[in-house]
Amino acid sequence: MADRYQKLTTSGPGAFVAKRLGLPQPEPLVRFRPGRPVVSGRVVLGGADGGRVGKTLRALLDSIGAEVETDSGAGAGETGTRPSVLVFDATGITDSGQLSALYAFFHPRIRSLAPNGRVVVVGTPPELVSDVSEATAQRALEGFVRSVGKELKRGATANLLLVAPGAENAVESAVRFAISPRSAYVSGQVVRIAGAKKVPAPADWERPLDGKVAVVTGASRGIGAVVAETLARDGAQVVVLDIPAQAEDLRRVAGRIDGTALELDITAADAADRLAEHLKEHHGGVDVVVHNAGITRDKTLGRMDAKRWDSVLAVNLTSVERLTARLLEGSSPVLRDGGRVIATSSISGIAGNVGQTNYAASKAGLIGYVQSLAPAASGRGITVNAIAPGFIETQMTAAVPLFIREAGRRMNSMKQGGQPVDVAEAVAFFASPGSAGVTGQVLRVCGQSLLGA
Ligand SMILES: NC(=O)c1ccc[n+]([C@@H]2O[C@H](COP(=O)([O-])OP(=O)(O)OC[C@H]3O[C@@H](n4cnc5c(N)ncnc54)[C@H](O)[C@@H]3O)[C@@H](O)[C@H]2O)c1
């Protein structure tokens, strides 16, 4: 699945030339395969004195059978093999002077991190801390982790998990995601974990969606098709939805995953009712709604006709609001308690992009939407989140002019485009019952793109 340049730079002579010329050499990223362990290789766990989450992390790492070594303060390199994961509980850091604990843990180890390795720092959301010194030090973690992500080479990632006080019991799904190959194209990101009334640990972490029903829009191809396959892999019964013109491809996807197909244009006046009726009639309701359908109609603003503006806003934003509102309405809503709503934003919605005033407005609108709907939905245990993909290899990006496409692929810490499965794994993370404490979040799946960073 590597692009042509990547193939060239991983071959003998190509690698030699790229190295001599100082050209990027994208590392083939290791992705999750069912049956594989969450982590293979050594995990080093450290923490600042007084941390709240270290004990939970230790128990969790033990429960997944990881080979864990606790930081003895004696420095690194002592056991020979390269660590695959470095985890540091920074919640005990209460002033800027104590940030030196981060340095002491990572400085001697960071250069020996294995290819495709993981750095995970755990902190406290600064906005929840009333003490100024502590909030300052906790906010510093973000700059640290983002910089580590940019310094790491060979497919390694660095991410920050901010755990609210009292939410220590809700970290497992985020930790599993961040340390495993499921987060291959997620780096430099911050995920906030809040306390949730109920965080049901899935009976089987390989099939967390057993017994759940999911619907994925725009699922006949590209990212949506892989999201549908991934949710089915995780145990969900999946309804795939796309426009009637895509019926043949849609049926093929449904056939592959033993799901059902619903031909529907989400902008049609009766789309919300038809979706709600389908889900009620065939499945009694729905647990996971993935708004993935999206279109681009690029033109600079002065040259953009109203049709391009209207169609992009209608598909990407207004239909998401209308469909979700319908699934949430009434005394017996179609979206069940503990449900999941996942929107597909874009880094364009964060950074803006030439020729994409319509698209970026729609994708930024989705960010506002999930952030404002999340608190309102939390009473029923429903979480509402967004994924913001960067450059992902699909038909949508294949249509981008060559030079812009090549720039999009390389302008990130991984020096390569992501695969649809990278977005799908992030959707699966949000969809998991174990992610009950993760809501109102925007997770970038962009290889730490420079855009909007
Ligand atoms: N590919 C990327 O790099 C990238 C980056 C950022 C965000 N995204 C977003 O990810 C999502 C999927 O992107 P993709 O690259 O797989 O695109 P794609 O064009 O391959 O697939 C989009 C799907 O949505 C369907 N669709 C469009 N209008 C619809 C409508 N009115 N009703 C029902 N279905 C409709 C299409 O038929 C198509 O199957 C989109 O929301 C896109 O904006 C993609």
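1. Let's start with the shell around the ligand: its residues split into 10 nonpolar, 14 polar and 3 charged. Here Ala, Val, Leu, Ile, Met, Phe, Trp, Tyr, Cys and Pro count as nonpolar, Asp, Glu, Lys and Arg as charged, and the others, Gly among them, as polar.

2. Before going on, keep in mind that this is a predicted model: local features need pLDDT of at least 70, side-chain atom pairs count only at pLDDT 80 or more, and totals for chains, interfaces and linings use all residues. Residues are numbered from 1 along each chain as its sequence is written.

3. Who comes nearest? Of the 27 residues around the ligand, it's Gly 218, Gly 222, Gly 294, Thr 394 and Met 396 (near means that the C-beta atom, placed from the backbone, lies within 6 Å). Helix H7 (222–233) and helix H13 (395–398) each give at least two residues to the shell; helices (H or I, at least four residues) and strands (E, at least two) are DSSP runs, numbered from the N terminus.

4. Now the sheet. Its 6 strands form an open sheet in the order S2-S1-S3-S4-S5-S6, with parallel pairing (strands pair if DSSP finds at least two bridges between them). Strand S2 (67–70) and strand S6 (189–193) stand at the edges with a single partner strand each, so one side of each has no neighbour in the sheet.

5. Arg 42 has Glu 67 in S2 as its bridge partner.
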